[in-house]
Amino acid sequence: MATKFNIDGLKATIEGKEILKGINLEIKGGEIHAIMGPNGTGKSTLASALMGHPKYEVTDGNVTLDGEDVLEMAVDERARAGLFLAMQYPSEIAGVTNSDFLRSAINARREEGSEISLIKFIRQMEGKMKELEMNPEFAHRYLNEGFSGGEKKRNEILQMLLLDPKIVILDEIDSGLDIDALKIVANGVNTMRSEERGFLIITHYQRLLNYIKPDFVHVMMQGRIVKSGGPELAERLENEGYDWVKEELGIVDETVGQEA
Amino acid sequence: MTTQTILPIDRETLAALSQSNNEPAWLSTLRLEALELAGQLELPVVEKQKISRWNLDAYGSYKSSPAIQSLSELPESLQSLVNLEESSNILVQRNSSAVFQKLSAELAAKGVIFTDLNTAIQQHGELVQKYLFTAVKKDENRLAALHAALWNGGVFVYVPKNVDVELPLQAIMLSDDATATFAPHVLIIAESNSRLTYVDNYLSTDGVGLDQAVHNGVVEVFVKPGANVRFASVQHLNATNVTYRRAVVENDGRIEWIIGEMHNGNAVSETMSVLQGNGSSSDMKVICAGTNEQKLSITTKAVHFGKSSDSQMFTRAVMRDAASAIINGITKIEKGSTKANGEQTEKVLMLSPKARGDANPILLIDEDDVTAGHAASVGQVNPEQVYYLMSRGIPKSVAERLIIHGFLAPVISEIPLENVQEQLRSLMERKLGQ
Ligand SMILES: Nc1ncnc2c1ncn2[C@@H]1O[C@H](COP(=O)(O)OP(=O)(O)OP(=O)(O)O)[C@@H](O)[C@H]1O
Ligand SMILES: [Mg+2]
């Protein structure tokens, strides 16, 4: 069955403040959607609410993955159902090695008693690290601790490659990456493109979209998707900024909490 | 309020015991003096824990255990801790006396001594007498005095000048009889430019009454100029625990302490380095885990006398249920200890709302030309970290376990013997796995 991810009228609050004001979006397997939008308009909030971050409260709407109710699931269940979020600010966890973490994540998807063998795991991990041109020492480093911004992003992609998700959300995966790393990361994403997998890519820059060609581009303002189009929309935003969108829609302040 | 201190043994019995163990006159005298002091001295001052209410009287009586021919005669839980290879060096104490010991011929030929303290007193009396109770003194408080009066079994390590002991010396201290006094004394002397690693385990079985017993132990380490001593200890006893560990470090000497206080009973422990010499250094890593109603007072302390001396302290405590821990870190820099540096961190992780933790970093500095720093924190498992791990599919309980393990990992990975590391991991698992 082809993957289908449905967001319908999603509203979410943080500490009582409404940030998402009704998001509608459908992502099918094989599609790449990009979300752009000025700072503070709710892009990361959307990603966090979909993943189930405990700080965000969903107040309205539905989210389904292949017909299953995502909002009913705990965070770990969402992940095992096939949702993956590469975070804008990944956590640092001292004392837990990257490889122990990755192995736990893989084994969480397997039945007790059929855990991945250590040798097979190491082979897989090292293979993917090589694709991402990561120094093998990162397997033994503590999870994200002291990683540079770009190293953290690369480590998020490593996890994506190893966990084989159905829906991938990348929140500013390009921030902090140098040009070479951007190409490597984009290449990692492109190798994952398939009919079974959908992508939601949050970015500020057209540059990433040169490497990962989106099928749809959405603009977010004031906690809503205010405009959608094809790749040409991203190009126009890159060239002209957001003013024309605001003008078109009569928006003065695009951040959340300001009503149109 | 003064109450008549009830001593666990009377003078005559102690004198007779000393005699029956063939102890020299100086030692009998020391024991009897200490017993008298125990009757006069107060309990040590332990901040924020009322140890006067703890069960600190049930010492039992001296019971020598018969020697064993092979380690297979020991309880199974112990056997995984030791591997008897040609080259291994092992000593086992059971209750009040040593039951097994083995030192490789190679080390013996180099003049290394590794035996129980009773035997050392018979064979190297003068050497022992010169050091015994000079770092931890018998008149410090009632508990130290009681230890000096009652100590038994124990370990004596002597490493001659320039000798490098490559493999760790391992001691196992087993308490499986609640009616037996269990008070090992560990005495280590590392002569100039020598090097040694020592690892011990304190364990008790689930035998009747052991949770009512007392373990009162002392460790004294003498690090001579340029010598390097790594001292690791994992303790997991059901008894109430009192442990004083102290190292005196001379010029350019170095002591490393790696301590796991994984008891089931209440515990007071103080681990201290006296940095006597110029260029001397100390590194302390301590972890502890508390469960149920356990009360812990864990102190690390460095006292700087030497110029350019350096001390590092790193304590991690995980508290569950209604356990409470007072974690003290004391860096004392004396006048004249110029260019000294002392740094410490204490962190407490609380796993349940009733758990209590207190981290007290204390810097006492009497010299201007020094650097010192401290950091302390008390908190819960970080929900942001749990979320991150869960977002990769890891169930909450596993995520929390990974984080807790990670919190303690920097100390566990420093334990010199692989199987002792493993043991510490499984102890942690047993104590902290929900
Ligand atoms: N705890 C909070 N209390 C109040 N407002 C919050 C809280 N956390 C986030 N917000 C607000 O929610 C809004 C949306 O934040 P979000 O991180 O989703 O923006 P974004 O579109 O991802 O921005 P950027 O492009 O800078 O990453 C912001 O205005 C932010 O200040
Ligand atoms: Mg964001």
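Helices (H or I, at least four residues) and strands (E, at least two) are DSSP runs, numbered from the N terminus. The model is predicted: local features need pLDDT of at least 70, side-chain atom pairs count only at pLDDT 80 or more, and totals for chains, interfaces and linings use all residues. Residues are numbered from 1 along each chain as its sequence is written, chains are lettered from A and ligands numbered from 1 in the order in which they are written, and side-chain values use heavy atoms, with hydrogens and water left out.

**View 1. The annotated span of chain A, residues 5–247.** An unreviewed UniProt entry labels this span "domain: ABC transporter". UniProt positions are given in the numbering used here, feature names are shortened, and annotations may be inferred rather than shown by experiment.

**View 2. The magnesium ion (ligand 2) and its protein donors.** A:Ser44 belongs to helix 1 (residues 43–51) of chain A, and A:Gln88 to the loop between strand 6 (83–86) and strand 7 (93–97), so the pair ties together parts 44 residues apart in sequence. Donors are N, O and S atoms within 2.8 Å of the metal (3.2 Å for Na, K and Ca); water is not among the atoms, so sites may look incomplete. A:Ser44 is partly exposed, at 25% relative accessibility. A:Gln88 is buried, at 18%. Buried means under 20% relative accessible area, exposed over 50%, partly exposed in between (1.4 Å probe, protein chains only).

**View 3. The annotated span of chain B, residues 177–407.** The label "domain: SUF system FeS cluster assembly SufBD core" comes from an unreviewed UniProt entry. The span is 57% strand and 9% helix. Its end C-alpha atoms lie 34 Å apart.

**View 4. Helix 9 (residues 396–412) against helix 10 (residues 418–432) of chain B.** The two helices pack at about 145°, with axes 11 Å apart. Residues in contact (heavy atoms within 4.5 Å) include B:Ile404 and B:Leu408 of helix 9, and B:Leu424 and B:Met428 of helix 10. The contact residues comprise six nonpolar, two polar and three charged.

**View 5. The surroundings of B:Leu74.** B:Leu74 sits in the loop between helix 2 (25–40) and helix 3 (76–79) of chain B. B:Leu74 is buried, at 7% relative accessibility. Leaving out residues up to four places away in sequence, B:Leu74 touches B:Ile68, B:Gln79, B:Val92 and B:Arg94.

Methods:
Axes are lines fitted to C-alpha atoms, for helices over the stretch in contact, and angles run from 0 to 180 degrees between N-to-C directions. Ala, Val, Leu, Ile, Met, Phe, Trp, Tyr, Cys and Pro count as nonpolar, Asp, Glu, Lys and Arg as charged, and the others, Gly among them, as polar.
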